[in-house]
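Let's take a friendly walk through a protein model. Have the sequence and the 3D view ready, and follow along.

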Amino acid sequence: MPPHVPTELKLDSPLYEEDIGDLSPYLPLPSSTSSRASSTTIGSSIAASSPRNNFTDEEQELDIPLSSRQSPGTITTPRKQLFGFQLASPSSPSLAKFPARPRQLSRSHTLPRVFQIEKKDSVPRAVHAEINALAVDPVSVAKMRRWIMGIAVVEFDLDDGPVVDGVYPPLMLLPAESENISFCAFPDSVQFDQGSQTHSFRIREHLMSLQSDKRPPTKDGFIYGFSHFIQRRDSNAKRGYQQRSLVILTQHQYPAFFTQLASIFGPLFDQHGTPMLEAACHNIATWCNRRDPSPGQTLELGFLGSVLQVEIPHSIDAQQLTETSSFNEKYNPRIHILATTAPFIPPPLLLFESALTNLWSIWECLVLCEPILVFGPSPAKTSQAIWWLRDLLRPIPLAGDIRPYFTMQDSDHQQLVNKLPPKAGLLLGVTNPFFEKSCSHWPHVLSLGRRVPATNSSARQKSPSLGAPAGPPPGWQTKTHRRYISKDRTLLKQLENACRGDDRMRMEASLALRRHFCSRSTQLITPLARYLNSLIPSPTEVNHARKVSGKPSTPYTPSFSKSQGLRLKPFNSANFFASLKAHGSILPFKSTSKRTEFYERWLKSPAFGTWLAQQEQIVQSVLNDPPNSAVESPRSTTTPTAAGIQ
């Protein structure tokens with residue numbers, strides 16, 4: 001008999017983006033063009049008096065196409081002073097007509113995949129020309145870039161989608177970076193008829209080898225953007241609305257500080273226009289005389305008529321506590337800024353109202369480097385929530401990737417969102433209901449906001465215009481996690497009462513919630529710091545190592561080097577659990593077996609490896625200091641302070 005042949009081949013249904021009707025601010029993009037034309041590179045177009053027929057080696061290496069001659073209709077805007085390394089802007093009419101190039105990573109099916117070719121009769125927009133006409137003082141730019149990389153103006157173009165109109169001062173951006181900035185600067189669903197909001201995002205840097213005079217180096221390979229989005233009715237616009245975002249681009253991970261700057265700058269730019277770019281950058285250039293913001297310093301910074309009191313952290317993983325802040329008065333979240341914290345206004349408690357009873361499970365997933373999808377109704381809410389969760393980890397270092405606001409158009413989309421298990425420690429803030437399907441295999445989903453009645457769930461999913469956002473219902477959903485630590489019932493009662501109270505009660509409850517989990521993060525590493533202290537070489541061992549070297553010791557010529565073995569003894573898991581059993585833990589675990597299981601999992605997490613490497617580096621640097629400063633008692637000056645235990 002012939003082999004059985006199926007009469008019909010069944011395939012999995014393809015996964016399409018969620019249809020959210022008229023909620024998206026983006027109109028359909030023509031397939032013959034690409035949003036990559038919204039990319040902006042440094043400064044202005046090359047002057048017509050200096051045509052270039054060949055590319056330099058550096059330009060070819062950066063894969064930035066330049067035109068050999070200016071195309072007809074090019075408008076050259078006079079500059080008061082040219083700024084260093086000049087490249088033609090891909091959004092200018094002088095862009096060469098290059099053929100489509102295949103891309104290494106596929107992108108969303110809703111986007112074209114090649115460079116957009118400008119229309120021959122296209123002319124720069126008014127804001128683009130105004131930004132190019134602004135003066136550039138290299139000395140002021142160098143001072144300003146200790147704090148920020150530049151300020152981008154992003155417009156919504158009816159034909160091209162989000163477009164970077166310009167960056168001041170001129171900043172080199174690759175097309176992929178500019179595209180990421182363009183899409184992350186805008187919400188991907190309607191937020192209001194008229195109004196504004198501020199959110200933040202984090203995108204991967206693609207130019208890591210540039211010299212600092214072309215672009216300031218980043219701290220961790222990522223660019224941080226703080227966007228103030230404005231939407232208002234405009235009878236002269238084709239769509240009837242004007243949509244614009246002002247984005248502060250920076251290398252510093254200071255969300256509370258730069259969110260405040262964006263909230264001040266955005267409305268002033270909307271009212272007064274491009275002169276505010278010069279004023280803002282001039283103000284920032286006057287901050288401090290040092291090369292970089294000094295760790296642990298408290299500053300009063302003037303910015304566009306406001307005075308900001310800002311505390312800079314000792315390190316990016318150091319806790320900034322309101323009780324120990326260095327302000328000269330009682331901490332007030334409305335006038336005092338702890339740079340690395342999440343914005344405190346509006347009170348973050350409201351974000352987690354639907355998951356108050358699950359906050360202890362969420363914290364455990366954070367420290368165990370479990371991936372979490374954070375779904376919210378707006379980029380402002382997801383970015384505030386992601387920064388809030390990241391802050392609760394301190395002093396435990398961040399071992400995974402965080403994206404306060406992530407879109408389908410991000411160049412890392414396929415790397416972070418696919419059918420594989422999500423990466424350890426990944427915190428992804430999204431608003432597009434498409435992610436509910438594409439991330440359905442994720443183990444944990446946190447949906448922000450108030451819990452809605454289950455009876456309305458079907459209508460809610462089909463019609464977001466009813467007032468509730470599309471996507472998973474507010475609350476905490478987990479497939480794998482079982483809680484190890486007991487809840488604080490007193491604090492939980494305070495949080496529930498505050499949700500029904502006024503803004504003052506909500507702010508006090510938010511600060512109490514932060515204190516609680518920051519304290520638990522410190523308590524988590526206390527047993528490890530205790531055991532680590534036993535691995536530090538004793539004063540006798542230190543003296544012996546110096547005598548073996550046989551060289552005189554001076555502050556300028558220490559008698560030993562880092563390669564001679566003065567470092568922590570190897571970490572032994574069995575010895576640590578013996579120490580844990582003998583001394584216990586401050587954390588209120590449900591049982592001894594739960595405590596052991598929890599620490600077994602944490603020792604296997606990326607966070608533990610990162611934390612241990614930091615402690616080894618700190619201790620080794622103390623041991624290798626000149627003897628006069630380290631020999632007396634290395635134990636008293638190393639691990640407890642380095643690990644954040646006071």
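What follows goes from the whole chain to a pair of helices and then to the aromatic rings.

This is a predicted model, so local features need pLDDT of at least 70 and side-chain atom pairs count only at pLDDT 80 or more, while totals for chains, interfaces and linings use all residues. Residues are numbered from 1 along each chain as its sequence is written, and side-chain values use heavy atoms, with hydrogens and water left out.

**The whole chain**

The chain has 19 helices and 13 strands. Both kinds are DSSP runs numbered from the N terminus: helices are H or I with at least four residues, strands are E with at least two. Of the 646 residues, 53% are buried (under 20% relative accessible area, with exposed over 50% and partly exposed in between, using a 1.4 Å probe and protein chains only). Take the contacts (heavy atoms within 4.5 Å) with a separation of 6 or more: 74% of them come from residues 24 or more positions apart.

**Two helices**

How do α8 and α13 pack? Helix α8 (residues 379-393) meets helix α13 (residues 503-533) at about 40°, and their axes are 7 Å apart. Axes here are lines fitted to C-alpha atoms over the stretch in contact, and angles run from 0 to 180 degrees between N-to-C directions. The two helices are therefore oblique to each other (under 35 degrees is roughly parallel, over 145 roughly antiparallel, 65 to 115 roughly perpendicular, and the rest oblique). On the α8 side, W388, D391, L392 and L393 make the contact, and on the α13 side S510, L513, R514, F517, C518 and S521 do.

**Aromatic rings**

The whole structure holds 31 aromatic pairs. Rings of Phe, Tyr and Trp (its six-membered ring) pair if their centres lie within 6.5 Å; planes under 30 degrees apart are stacked, over 60 edge-to-face, and the rest tilted. Here are two pairs:

| Pair | Centre to centre | Angle between planes | Type |
|---|---|---|---|
| F186 and F229 | 5.6 Å | 70° | edge-to-face |
| F265 and F269 | 5.8 Å | 45° | tilted |

F186 sits in the loop between α4 and β3, and F229 in strand β4, 43 residues apart, so this pair links distant parts of the chain. Both F186 and F229 are buried. F265 and F269 both lie in helix α5, 4 residues apart, about one turn of the helix, and both are buried too.

Ring pairs also join residues into a cluster, with Y484, F571 and W611 among them.
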